[in-house]
Amino acid sequence: MEKGHKYGWGVALTARLLAGCTAEKNTGERMNILFIMSDDHALQAVSACGGKLVPTPNIDRIARDGVVFENSFVANSISGPSRACMLTGKHSHANGFRNNEDVFDGHQPTFPAILHEAGYQTALIGKWHLGSRPEGFDHWDILDGQGDYYNPTFICDGDTLRREGYVTRLTADLAMEWLDHRDKNRPFCLLMHNKAPHRIWMPAIEDLGSSDSISFPVPETFYDNYEQRRAAGLQEMSVARDMDLIYDLKLDPGVATGRKDLMQWAKAAVDRMSPEDRKAWDAYYDRRSEEFKERNLSGKELAEWKLQCYLKDYTSVIRSVDRNVGRVLDYLKANGLDQNTLVVYTSDQGFYIGEHGWFDKRFMYEESFRTPLLMRMPQGKHGVIWQPVQNIDYAPTFLDLAGLPVPSDMHGCSLLPLLKGEEPTYWRQTLYYHFYEYPGEHAVRRHEGVRSERYKLIRFYGDEEHWEFYDLKNDPHELQNQINNPDYQRLIIEAKTELKRLKRQYRAPDVH
Ligand code: SGN
Ligand code: CA
């Protein structure tokens, strides 16, 4: 939140925001919505967001003709919960979906269901990950659970079928097929939700080796010692320690050792490949295994080599995401839909690509609290939007765009005024965050917190309560927990008051 606006802890939101956002009437033709989301796509890997890891020229097209949200955050940095926040416009405690193991109550109001009711054709293609069957869609064709990269199984309107091909391409193909067959006299809202680039980062055959010539910089915080940050020290998402040589980095069990339980999963994923694909795959990863054997690395050298392998795979997977976004944007243009469709690109959360020594997400630290968000609205603003936005804002935005009232119990706020280039004086100044999935994979403790433009307060709870406070201006990498620093005590008290205020506003229960 560096530029353009001053956000302190201060003032409560105006009556308009507290009462929920009232939609402005849209009298013209109703705009279509294409909501593209990927899974675990880090900001660091979207060039339009300043990411340096890999070029994303097609995703960048959305920003070139539209906007980049410079301060875009999630409410709960994990897949299912993040999706539930987007669908309902509500924080996790209110939509009831706190962990990936929960089952989404599809009978509650969601933006697809409300749009559907109002005459939109609604469709969902790709990752769903909410346990229950999708509700409020004319058509859905979803991956089974997390889905597979190769020859994945889809559940299409209740029927299970395995499709031949690579998941990202298939998802785009199915999205375009549905667009072809839709009723062209009614507006549509299409959710195209990629599995990629989720762990275990399996590139398409055509992208194998596409990042091999890149030497990725080792993040400044790669060797973080987690001093004064208890929960950060207790996680299990370290590239050096927890990233598995065989499962994650695809080494041959003959040359490396890995966790046996994970190896079965890896085997199941590669066993789905066609013999031809498998041959190309093995040829590529056999070379990696050879290199591993020859170099005989250990300690820091091994950790950095693992990071390079991880990022080679991760960025290669993103190349296919980007290419397929390009195909769909081309489709819109070729079919005259670019002039009446809001295009959104986001991820279900951010991701660590070695910062703090990690992969995965979950923490309220910047890399996973933030998420890429680009939108292109015909006749809308071009450039950067600086106001802090959160994934609970998407549902109100889509309803507002359709000229529908936003239910007053939605926590989010329509982004439409921002997309039109307005500078609302009532905009929120602080964000509420809550992560619940502990005990759970990667062992990230439960926590809630509040962020303003400059400061962040986090309360870890559960097995042991532990508070953290960061001055993001002086410490952008969140390495210095100031909770016991006398100089920050006044600000910490203010932050605690703001956390309480936000929880009252969102009717969030106290948790221990
Ligand atoms: C899987 C992954 C985890 C990941 C969760 C949640 N393990 O369980 O690394 O944190 O998904 O991710 S894996 O061995 O199956 O790859 S989420 O994005 O779906 O929430
Ligand atoms: Ca995810």
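Predicted model: local features only at pLDDT ≥ 70, side-chain atom pairs only at ≥ 80, totals over all residues.
Residues are numbered from 1 along each chain as its sequence is written, and chains are lettered from A and ligands numbered from 1 in the order in which they are written. Local features need pLDDT of at least 70, side-chain atom pairs count only at pLDDT 80 or more, and totals for chains, interfaces and linings use all residues, while side-chain values use heavy atoms, with hydrogens and water left out.

**Exercise 1. Check the length of helix α9 and find which residues line its buried face.**

Step 1. Helices (H or I, at least four residues) and strands (E, at least two) are DSSP runs, numbered from the N terminus. Helix α9 covers residues 275–295, which is 21 residues.

Step 2. The expected span is 1.5 Å times one less than the number of residues. For α9 this gives 30 Å, and the end C-alpha atoms are 30 Å apart, so the two agree.

Step 3. Buried means under 20% relative accessible area, exposed over 50%, and partly exposed in between (1.4 Å probe, protein chains only). In α9 the buried residues are Trp281, Tyr284, Tyr285, Arg288, Ser289 and Phe292. Viewed down the axis, they fall within an arc of 145 degrees, so they line one face of the helix; the arc is taken from the directions from the helix axis to the C-beta atoms.

Step 4. The face turned away from the buried side carries exposed Pro275, Glu276, Lys279, Arg287, Lys293 and Glu294. Cover for the buried residues includes α8 (260–271) and α10 (299–334).

**Exercise 2. Describe the surroundings of ligand 1.**

Step 1. Counting residues with a heavy atom within 4 Å, 18 surround ligand 1; the closest are Tyr247, Asp360, Arg362, Glu441 and His442.

Step 2. Look for polar contacts (pairs of N or O atoms within 3.5 Å). Oxygen atoms of ligand 1 lie 2.4 Å from a side-chain N or O atom of Tyr247, 2.7 Å from a polar side-chain atom of Arg362 and 3.1 Å from one of Lys127.

Step 3. Taken alone, ligand 1 exposes 450 Å², of which the protein buries 89%.

**Exercise 3. Locate the cis peptide bonds Arg199 to Ile200 and Tyr438 to Pro439, then examine Asn296.**

Step 1. Omega is about 15 degrees between Arg199 and Ile200; Ile200 sits in the loop between β8 (188–193) and α7 (230–234).

Step 2. Omega is near 0 degrees from Tyr438 to Pro439, and Pro439 is in the loop between β13 (431–435) and β14 (447–451).

Step 3. Asn296, in the loop between α9 and α10, has a positive phi near 50 degrees. Asn296 is exposed, at 65% relative accessibility.

Terms used
Contact = heavy atoms within 4.5 Å. Polar contact = N/O pair within 3.5 Å; in protein donor to acceptor, adjacent residues only side chain to side chain. Areas by Shrake-Rupley, 256 points an atom, 1.4 Å probe, with all protein chains shown as cover.
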